[in-house]
Amino acid sequence: MAGTLRVIEEKCTGCGACVSACPYGCITLVEGKATIDEGCCQLCGVCISACTEGALELLEAAKEFEDKSKYKGVMVVAEQRRRKIHRITYELLWIGRKLADKLGEELTCVLIGKDVRKYAKGLVRRGADKVLVYDDERLEILREDPYADVIVDAVKAGMPSILLMGGTSFGRALAPVIAARLKTGLTADCTGLDVDEEGNLIQTRPAYGGNIMATIVCKEKRPQMATVRYKVMKEAEEDPNREGLVMERNIPANLRDRTRVLKEKRVIKEGQSIEDAEIIVAGGRGLRAPEDFKLLEELANLLGGTVAASRSVVDKGWMPKSRQVGLSGKTVRPKLYIACGISGAVQHLAGMKDSEVIVAINKDPSARIFDYARFGAVGDLYEIVPEMIKILKEIKR
């Protein structure tokens, strides 16, 4: 146990300051005294700071070690949006399958949403031994409270040793909520995962702005939780002959939901997402001015791709953060990556080195980017890129 929050009744005046301060809605007034819902309380301590009477205190529990023998297997959470499986799910199944095979244990996939049963067998074909389906109209729109309740229910039913979620915007918001409820550790935005001989999950992630790679192990608590960065793992291939178990699960009673969606509006982002692009033309420090990205945009348009950038030009404000490739930006895995004026810093390489074909254009023949490129052109990008554009236009005539 992580401890408990206690109300000192003789000091409590029933003012309600703690009730309004609690971000989780776990405190109510009963007969003029604050009452804590222990199943809901996250022990964040916000209410203690809000109480001017000193009527709340956090009692630290004696340190207990988890009985790790109760936990077996790997569990991944499938992410779907508007009844379409997000591709991070297939990456989770790929790494989850590898970890499960190394442990000699099962891989379970949790599928949540409305009208999602039809996707279950497809997840089996992608590597899951078992798919737990939570299908309910209340789960149609992604929201933290009900999804957290469902995933906690799945964990308590399956008792996995490892729980993996996607490092997407929603996964990053949801995973800490689940970790807090399960009172376990969480490593966010992992770029590498492995297991040791004792079954500990070896979690690798960038730290200090990508200047070092940290290795993190959660030895005492289970399940071991991690979110996985999008596009750093391979996608699990589909095996049409693969069979597994599909189980429909009941929705937990008293499903929590503190929010009500009044209207959902899709925001159309300008340009294609670099994470999903199959062709990327990226610019770096070798560009002289922000308007010179128009040259790269013309090349990208002719190839049917999109434009990206290194951190150096994003820091200058020449390109938005959403276009940044690297440890502190996005990780991409396109079929073709053309690096223009990019030297190949370690942080940038980590975000694109797994591209299928890398073409490097740089004036410096000793630039590290050439060590990773299949094709390289030593020269001025202001001479080479216009020539590429000219040739492509001639081909398209």
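Reply: A charge sits over a ring if NZ of Lys or CZ of Arg is within 6 Å of the ring centre and within 35 degrees of the ring normal. By this rule the charged end of R126 sits over the ring of Y90, 3.8 Å from the ring centre. K316 lies over the face of W318, with 4.5 Å to the ring centre.

The model is a predicted one, in which local features need pLDDT of at least 70 and side-chain atom pairs count only at pLDDT 80 or more, while totals for chains, interfaces and linings use all residues. Residues are numbered from 1 along each chain as its sequence is written, and side-chain values use heavy atoms, with hydrogens and water left out.

Helices (H or I, at least four residues) and strands (E, at least two) are DSSP runs, numbered from the N terminus. Two packed helices are described by the angle between their axes and the distance between the axes. Residues in contact (heavy atoms within 4.5 Å) include Y147, A148 and I151 of helix 5 and F170, A173 and L174 of helix 6.

Rings of Phe, Tyr and Trp (its six-membered ring) pair if their centres lie within 6.5 Å; planes under 30 degrees apart count as stacked, over 60 as edge-to-face and the rest as tilted. The count by this rule is 1 aromatic pair. Y147 and F170 form this edge-to-face pair, with 5.7 Å centre to centre and 85° between the planes. Because Y147 lies in helix 5 (residues 144-158) and F170 in helix 6 (residues 169-182), the pair ties together parts 23 residues apart in sequence.

Buried means under 20% relative accessible area, exposed over 50% and partly exposed in between (1.4 Å probe, protein chains only). Y147 is buried, at 5% relative accessibility, and F170 is buried too, with a relative accessible area of 14%. By contrast, N241 counts as exposed at 65% relative accessibility; N241 lies in the loop between strand 15 (224-228) and strand 16 (245-248).
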